Every structure is written in structure tokens, then in C-alpha cells.
Amino acid sequence: MRALVVVGLLAVVALVFVVVAIVKDSQSGAGANGGCPEGWPLADVALRERKDVKLNVLNGTDRPGLAREVADEFRNRQFQVKKADDEKKQIDDVAVLRYGPKGVGSAHLLRAYFLNEAKTQFDVKRQDDTVDVVLGSGFQQLATTTEVNQSLGDLGSPTAPDGTCPMPVGR
């Protein structure tokens, strides 16, 4: 009988501590947008499905027709390819992904198609949700579905770039 009284008393004390912790919670404003400084842009960090990703494919190499070829590969994988064209300046990297706050989640997915070897160029002033994929001389081919899934696991979740805050879910 004495043991039941002690256990009951401990349960009541624990319940009081939980209620006090919830009522006195000083982090209630923290979260998706609670600590965002005034004027910082919101970055869309939701990981996009392929059908929702808009991109431009640009050829930054001396290989003719590469942008058109890779654009067709992206189309076959259900991406929304807006244009395929040549880049003015050649690059040595595998690829460069250029995007703004609305394209953070899309760029994150695209990085997996280059096995996280693509350089990223975030432009806080860019207003659209399209990602420019600039192919470089180091580009060989897009990753397979299995490689993309493994790369996404390695990359983890998209994060808001410096100087931005994550957009609240559902916006």
C-alpha cells in the first residue's frame, strides 16, 4: 500500500513539473519563422518533386549540343525544362547551380543529380523559382535513380542559405 502512495505522489509531482514547463516555456515564439530578423527573405526549403522543379540548362563547355542533350534527359525524368542554351563563359566544374530564395529546395534536389559535386551560387535578389544548371567541362552524366537517392540521403534536408530564413510550411 505504501508503495502505491509513493508512486502516486511521484506521478503527481512529475505532472506538476510538466505543466509548469509548458506554461513557462520561453521558446514559444521560436520555430520556422519566430527568430527571423526583420527584412530577411524567406527561403523555400521544401524538397521538391521532380515534376515541380523548373530549370534552365546551360552549356558551359565547348561540347556542342550538350545543353540540349542534358535538357532532354531532365525532361525524361519529368523535370520542367524552360530552356537549353549556351553559357557565355566556360566553366571547369562539373556544374554550377544558380538560384534564388524560391529555388532552394529545387537546387537541393538537383545537387543529388550531380552527386553533390555541383557548385552552388545563391542570389538573394533572384525572384523566380527556376534553377540555372550550368554544365561544366567536368560533367560526364547525370546520376542514376539509385545514386540520386543515396546522394539525397547523404545531403540531408535543405537548409536556408546565410542571410535568409526558412519559409514556414504551407506557404
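Begin by selecting Arg-126, which you will find in the loop between strand 5 and strand 6. Keep in mind, as you look, that this is a predicted model. Is Arg-126 buried or exposed? Its relative accessibility is 17%, and because buried means under 20%, Arg-126 counts as buried. If you set aside residues up to four places away in sequence, Arg-126 touches Arg-98, Tyr-99, Gly-100, Pro-101, Val-131 and Asp-132.

Select the five strands of the open sheet, whose order is 3-2-6-4-5 and whose pairing is mixed. At the edges you will see strand 3 (80-86) and strand 5 (119-122), each of which pairs on one side only. As you follow the sheet from one strand to the next, the twist averages 20°. Zoom in on strand 2 (residues 54-59), which pairs with strand 3 in the parallel sense over six bridges, and pick out Val-57, which stands opposite Ala-84 in strand 3.

Helix 2 (residues 66-76) lies across strand 2, strand 3 and strand 6 (130-135), and it runs at about 155° to strand 2. Helix 3 packs on the sheet too, touching strand 2, strand 4 (95-99), strand 5 and strand 6, and its direction makes about 170° with that of strand 4.

Then display the aromatic side chains, among which a search of the whole structure finds six aromatic pairs. Select Phe-79 and Tyr-113, which form an edge-to-face pair with 5.2 Å from centre to centre and 85° between the planes. Which parts of the structure does this pair tie together? Phe-79 lies in the loop between helix 2 and strand 3, while Tyr-113 lies in helix 3, so the pair ties together parts that are 34 residues apart in sequence. Both Phe-79 and Tyr-113 are buried.

Leaving aside neighbours within four places in sequence, His-108 is in contact with Leu-47, Leu-152, Leu-155, Gly-156, Ser-157 and Pro-158. Draw a distance from His-108 to Pro-158: from C-alpha to C-alpha they are 6.0 Å apart in space, although they are 50 residues apart in sequence.

Finish at helix 4 (residues 145-155), where Val-148, Ser-151, Leu-152 and Leu-155 are buried. Turn the view until you look down the axis of helix 4, and you will see that its buried residues fall within an arc of 105°, so they line one face of the helix. What covers these buried residues includes helix 3 (104-113). On the other side of helix 4, select Thr-146, Gln-150, Gly-153 and Asp-154, which are exposed. As a last stop, step just past the end of helix 4 to Gly-156, which takes a positive phi of about 80°.

Conventions: Residues numbered from 1 in each chain as written. Predicted model: local features only at pLDDT ≥ 70, side-chain atom pairs only at ≥ 80, totals over all residues. Heavy atoms only, no water. Buried < 20%, exposed > 50% of the residue type's maximum accessible area, 1.4 Å probe, protein only. Helix = DSSP H or I, 4+ residues; strand = E, 2+ residues; numbered from the N terminus. Arc of directions from axis to C-beta. Contact = heavy atoms within 4.5 Å. Pairing = 2+ DSSP bridges. Axes fitted to C-alpha atoms, helices over the stretch in contact; angles between N-to-C directions. Phe/Tyr/Trp six-rings, centres within 6.5 Å; stacked < 30°, edge-to-face > 60°.
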